Protein chains: 2
Amino acid sequence: MRWQDIDQQPCSLARTLAIVGDRWTLLVLRDCFLGVRRFEQFQERLGVTRHVLSDRLRKLQEGGILDKVPYQQRPRREEYRLTARGRDLYPVIVHLAQWGDTYLAGEEGPPLVRIHRQCGEPLAAQLQCGHCGETVAARDIRVEENPYWAGEILINN
Amino acid sequence: MRWQDIDQQPCSLARTLAIVGDRWTLLVLRDCFLGVRRFEQFQERLGVTRHVLSDRLRKLQEGGILDKVPYQQRPRREEYRLTARGRDLYPVIVHLAQWGDTYLAGEEGPPLVRIHRQCGEPLAAQLQCGHCGETVAARDIRVEENPYWAGEILINN
DNA sequence: CCAGTCAGTTCTATTTTGGAACTAAATAGT
DNA sequence: ACTATTTAGTTCCAAAATAGAACTGACTGG
């Protein structure tokens with residue numbers, strides 16, 4: 001199977017990765033959440049080739065994650081801003097970054113600290129169940145299959 | 001900059017993506033969390049080429065996310081199991097999948113539902129601050145720079 | 001002896017990426 | 001008027017990664 005056909009699968013994760021799962025894309029989103037909006041600034045900060053950056057920004061736009069909005073006329077120039085849908089990916093970015101903070105940081109410690117404004121402490125990100133409010137670990141979850149795709153997705157061995 | 005040098009950056013997210021940010025890798029992890037452990041099963045479920053699968057499993061191993069453990073001798077065969085570090089990536093998988101459930105599912109609805117055993121309801125994943133227990137959105141976070149890398153990471157415009 | 005299982009490796013063709021140069025549409029300075 | 005500068009790209013080619021298929025090795029079971 002070609003990667004470009006991955007969005008044809010029913011799996012929600014596969015479909016999401018069809019938009020954000022390419023090389024560089026999640027780093028582009030990292031910078032979006034740090035306030036970066038312009039092509040030149042993405043390019044300089046990431047070190048990605050302009051060609052690839054252009055492609056990724058277009059895909060993020062098509063996926064409804066970024067909006068391309070003009071910030072000046074004459075010459076017309078546009079910048080990229082997170083949509084509401086895009087902001088919903090924040091937990092993904094935070095958990096990936098926190099995993100790196102925990103397991104991959106050097107002696108100097110992590111380069112950035114995320115402070116939770118409400119409590120003033122560094123954010124210790126956890127997965128929470130919106131229903132009961134409890135903190136959730138992998139083993140607390142049981143997976144049920146949508147009967148429509150019965151037998152295709154879960155393993156039963 | 002080449003993608004393979006991305007782990008040289010101080011950014012924790014970049015370092016994490018050096019391990020899990022390649023095509024197919026997060027889908028391999030999805031299957032790990034569904035209980036898949038064997039090469040043939042990953043290959044059949046994902047449709048990824050054996051070559052690439054072999055490469056990704058090796059990188060996940062080297063990154064401490066999977067353990068390769070023998071499940072039989074004669075002929076010796078090995079399977080791949082999530083380590084504790086690997087299980088810590090569960091929130092990433094859940095949030096990516098939930099984003100797809102929300103924005104990309106077809107009329108039939110999402111293919112899988114994750115049930116929170118403790119409360120019996122479908123998981124509505126949220127980002128929680130481990131300090132105060134509150135639910136966190138992107139705008140609740142302020143970012144501070146480690147003085148060691150002063151000026152290199154944040155934008156100040 | 002032959003077919004089958006499992007976890008890969010090897011091979012070639014196609015696709016994607018990296019690096020550099022180039023373009024377009026202006027503005028600012030000399 | 002000419003030149004340099006800014007910004008957001010596009011174009012070109014070489015190098016690297018991926019897709020698809022076949023092949024290997026170490027067995028087991030009939």
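How do the residues of the surface near DNA strand D divide into nonpolar, polar and charged? Some notes on that and on the rest of the model.

1. Ground rules: this is a predicted model, where local features need pLDDT of at least 70, side-chain atom pairs count only at pLDDT 80 or more, and totals for chains, interfaces and linings use all residues. Residues are numbered from 1 along each chain as its sequence is written, while chains are lettered from A and ligands numbered from 1 in the order in which they are written.

2. On the opening question, the surface near DNA strand D has six nonpolar, five polar and 11 charged residues. (Nonpolar covers Ala, Val, Leu, Ile, Met, Phe, Trp, Tyr, Cys and Pro; charged is Asp, Glu, Lys and Arg; the others, Gly among them, are polar.) Near puts the C-beta atom, placed from the backbone, within 6 Å of the molecule or strand.

3. Helices (H or I, at least four residues) and strands (E, at least two) are DSSP runs, numbered from the N terminus.

4. For the protein contact (C-beta atoms, placed from the backbone, within 7 Å), chain A and chain B each put in 78 residues. On the chain B side, H6(B) gives the most, 13 residues.

5. Strand E3 (residues 112–116) of chain A runs antiparallel to E5(B), joined by five bridges; pairing takes at least two bridges found by DSSP. His116(A) sits opposite Ile141(B) in E5(B).

Key:
Contact = placed C-beta atoms within 7 Å.
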